[in-house]
Amino acid sequence: MKLIINSITTCILLLLATACSESFLERTPKGILSEEQLSTPENAEKMVIAAYSAQGKEKYYLHPLTPWPYGDLRGGDAYKGGAGVGDLPEWNIAETFSNMTTDEAGVQGKWNVEYNTISRTNLALGILNKMTDDQMPNKTMRIAEMRFLRSNNYFWLKVNFKHVPFIDETVPVDQYNTVGNDLGDQELWNKIIDDLRFAAENLPATHVDGAVGRPTKYAAKAYLAKVLLFAAYEQNATHEVIHINKEKLTEVVALCQDVVSSSGKALFNDFGDNFGCETQNGIESLWAIQFSHDDGTPRGNINGTTMVSYPMVAEYGCCGYHSPSQNLVNAFRTKNGLPDFDNYNTVNINGAQGVKANPVDPRLLHTVAMDGVPYKYKADFIFNEKTWTRQYETYGGFMSMKETVIYDSPCYQPVNPWKDSSKNRDVLRMDDVILWLAEALIQLDRPNEALPLINQIRERAAKSTGKLVDVKGMPTGNFDIKPYIATGAGKNIDWSKATAFKALQWERRLEFACEGFRAYDLMRWGIMAETINQYFQVEKTRRPHLASASFTKGRDEFLPIPKKQIDLSKGLYKQNTGY
C-alpha cells in the first residue's frame with residue numbers, strides 16, 4: 001500500500017533501484033546507487049541506525065508512537081486536554097468513542113507512523129540478509145535487533161487495529177498489495193512471537209560497547225513474555241475472552257522469572273526515578289527509546305510526543321494536553337492502606353487539601369499535577385489549577401507529569417511554541433515484568449505465588465515519598481499504603497484467585513497511570529466495554545464534554561482499519577467488526 005511507505009523510505013528505494021540501461025553512455029546516473037553498491041557492511045550498519053532512528057522520530061505529536069493518546073484517553077485514565085473539544089478533534093473522538101469514522105485522521109496517522117517505522121526495519125533486514133558472516137561477523141545480532149524493533153511496531157498495530165497485514169522483508173514492494181489483513185488472531189500474534197523468539201535467541205545478554213539503546217537478550221525475553229501474555233487471552237470476533245491459554249502463560253512465567261533472576265535489572269528504590277532524565281537508562285529500564293540533547297544539532301533528537309503535555313505557566317507556556325481523569329485520581333485513595341476497591345469513586349480528591357485530608361498512595365503525586373502541590377519535585381514551583389491548565393472549565397485541574405521534565409532540567413528543550421525534552425521513553429521496565437509474572441501466576445491458579453510480587457511493587461511505592469515534600473521538607477500528602485497480608489494476626493484481605501486478580505488489575509492501573517497502557521490492559525482482559533461505560537456513567541456528570549460519550553461493545557475495543565488503506569488495497573483489507 002502506498003501509505004505504508006513514507007517519503008524517506010521511497011527515497012531509499014530509489015537508491016536501491018538498479019541503474020538505467022548501460023546503453024545510455026554505459027554509466028549509472030549520478031545520485032543512483034545500485035543494489036550491489038548499497039549492500040555493504042558499512043551501509044547495512046547505516047540502515048540499522050536508520051531503523052533505530054525511526055523508532056524515536058516522534059516530531060509529529062498528532063500521530064505519536066507513544067501510546068497515551070489512545071491508551072489513556074480510551075482507557076478512562078485521562079481527558080484530552082488542550083483548548084477544548086475542537087482542538088485536535090481526533091483525540092476527542094478517541095476519548096468519547098463518538099463519531100469515529102473509518103477515514104478519521106488520527107486513525108490513519110497511527111497506522112502510517114507504525115508502518116513507516118516497520119519499513120525501515122524491513123529495508124535494513126533486506127540488506128543484512130545479503131551479507132555473509134565473513135563480511136559481517138555481527139550480522140545475526142543485527143538481524144535480531146531489527147526483528148525486535150519490528151515486533152515492537154507490530155505489537156502496537158495489533159493492539160490498536162487487531163487485524164493488520166504482516167509485511168516482512170521477504171515481500172517485494174510491488175507485491176504489498178497482495179498481502180491482506182486476514183490472518184487469524186493467533187496467527188498474527190505468532191508472527192510477532194517468532195520475531196521475538198529469534199531476538200531472544202540471538203541477542204547478547206548485556207549491551208555491547210555500552211550501546212544502551214540496543215535491546216539485549218533479556219529485553220527480548222521480556223517483550224516475548226508481554227506478547228505471549230496478550231496472546232494467551234484468546235478472543236472471539238467480538239473481542240470477548242473465550243479461553244485463557246495456560247501453555248502460553250506457563251512460558252510467560254518462565255521468561256519473566258529468567259529476566260528477574262538473570263538480567264541484572266531491579267526496581268529503583270524510589271518510583272519517581274523512572275521519570276527523570278538524570279536517572280534514565282537506569283537499573284529498572286530494560287529497553288528505552290533513546291533521545292539526545294546538545295548533540296551538535298539545533299534542537300537535538302528530542303521526544304516530540306511530549307511537546308503538548310506541559311502546563312501553561314510562564315516557565316513553559318504550552319500546551320495543556322493529557323489531563324488525568326477524576327476517576328483515576330480517586331483510584332489512588334486508600335482505606336487502611338489498601339485500595340478502596342468498591343467505593344474509591346465516591347470521594348473526589350482535589351488539590352493539596354484533598355491529598356492531606358484523604359489517605360492516598362504516593363504514586364498519585366508522582367503521576368498527577370494538582371493545585372497547591374509542587375510540580376515535578378520542585379518544592380517552590382507550585383501548580384495552580386486555574387492558571388496552569390489550558391481550559392479548566394472543560395478538563396478540570398489536573399495534568400500528567402511522568403512524561404515532562406522541570407524547566408531547569410539539563411534535558412529540557414523548548415521548541416517554541418511547544419516544549420520538549422531529550423528524556424528517554426521506557427518501553428520495557430522491571431515493574432512491568434514483575435506484574436506480568438504475577439498476572440500469569442494468578443491465571444495459572446497460583447495466586448499465593450503472586451502475592452509477594454504484588455507486594456514488592458506496593459512496598460516500593462510506600463518508600464517513594466522522599467521527593468514528595470514541600471519547602472519545609474514536610475510530606476505533601478497523607479501517604480498510607482500497606483502490603484496485602486493474607487494470613488496471621490495482621491490479615492487484611494481474603495487472598496483468593498478472584499481477589500488476587502482484582503489486586504493485580506488495580507496495581508497495574510496505579511503503577512502505569514498516564515503511561516498509555518490502561519486501554520490495552522482492559523482490552524486484553526475482555527472487560528473494556530463494561531469498565532468504560534461504568535466510567536462514563538459517573539464521569540460525564542463531572543465533565544460536560546463527555547455528555548455524548550458511549551462505548552459500543554464488540555466494536556470500540558479496536559480502531560477501524562483506515563478507509564484509505566482499504567481503498568488502496570482495492571478491497572483486499574477487511575474492516576473491523578462494527579465499522
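**Figure 1. The disulfide of Cys318 and Cys319 is right-handed in this predicted model.** The torsion about the S-S bond of Cys318 and Cys319 is about 65°, so the handedness is right-handed. The two sulfur atoms lie 1.5 Å apart. Cys318 is buried. Cys319 is buried too. A search of the whole structure finds one disulfide.

**Figure 2. Two further cysteines, Cys277 and Cys411, are shown for their burial.** Buried means under 20% relative accessible area. Cys277 has 10% relative accessibility, so Cys277 counts as buried. Cys411 has 5% relative accessibility, and therefore counts as buried.

**Figure 3. Helix α10 packs with helix α16.** Two packed helices are described by the angle between their axes and the distance between the axes. Helix α10 covers residues 246–262, and helix α16 covers residues 430–443. Their angle is about 145°. Their axes are 9 Å apart. The crossing of α10 past α16 is left-handed.

**Figure 4. Residues of α10 and α16 make the contact between these helices.** From α10 come Lys246, Leu249, Val252, Val253, Cys256, Gln257, Val259 and Val260. From α16 come Met430, Val433, Ile434, Trp436, Leu437, Ala440, Leu441 and Gln443. By class, the contact of α10 with α16 has 13 nonpolar residues. Two polar residues and one charged residue complete the contact.

**Figure 5. Asp133 sits in the loop between α6 and α7.** Helix α6 spans 105–128, and helix α7 spans 139–161. Which residues does Asp133 contact, leaving aside its neighbours within four places in sequence? They are Lys139 and Thr140.

Figure 6. Along the principal axes, the C-alpha atoms fill a box of roughly 85 × 55 × 50 Å. Buried residues make up 61% of the 579 residues. Among contacts between residues at least 6 apart in sequence, 72% join residues at least 24 apart.

Notes. Residues are numbered from 1 along each chain as its sequence is written. This is a predicted model: local features need pLDDT of at least 70, side-chain atom pairs count only at pLDDT 80 or more; totals for chains, interfaces and linings use all residues. Side-chain values use heavy atoms; hydrogens and water are left out. A disulfide is a pair of cysteine sulfur atoms within 2.5 Å. Buried means under 20% relative accessible area, exposed over 50%, partly exposed in between (1.4 Å probe, protein chains only). Axes are lines fitted to C-alpha atoms, for helices over the stretch in contact, and angles run from 0 to 180 degrees between N-to-C directions. Helices (H or I, at least four residues) and strands (E, at least two) are DSSP runs, numbered from the N terminus. A crossing is left-handed if the near helix is turned anticlockwise from the far one by less than a right angle, and right-handed if clockwise. Contact means heavy atoms within 4.5 Å. Ala, Val, Leu, Ile, Met, Phe, Trp, Tyr, Cys and Pro count as nonpolar, Asp, Glu, Lys and Arg as charged, and the others, Gly among them, as polar.
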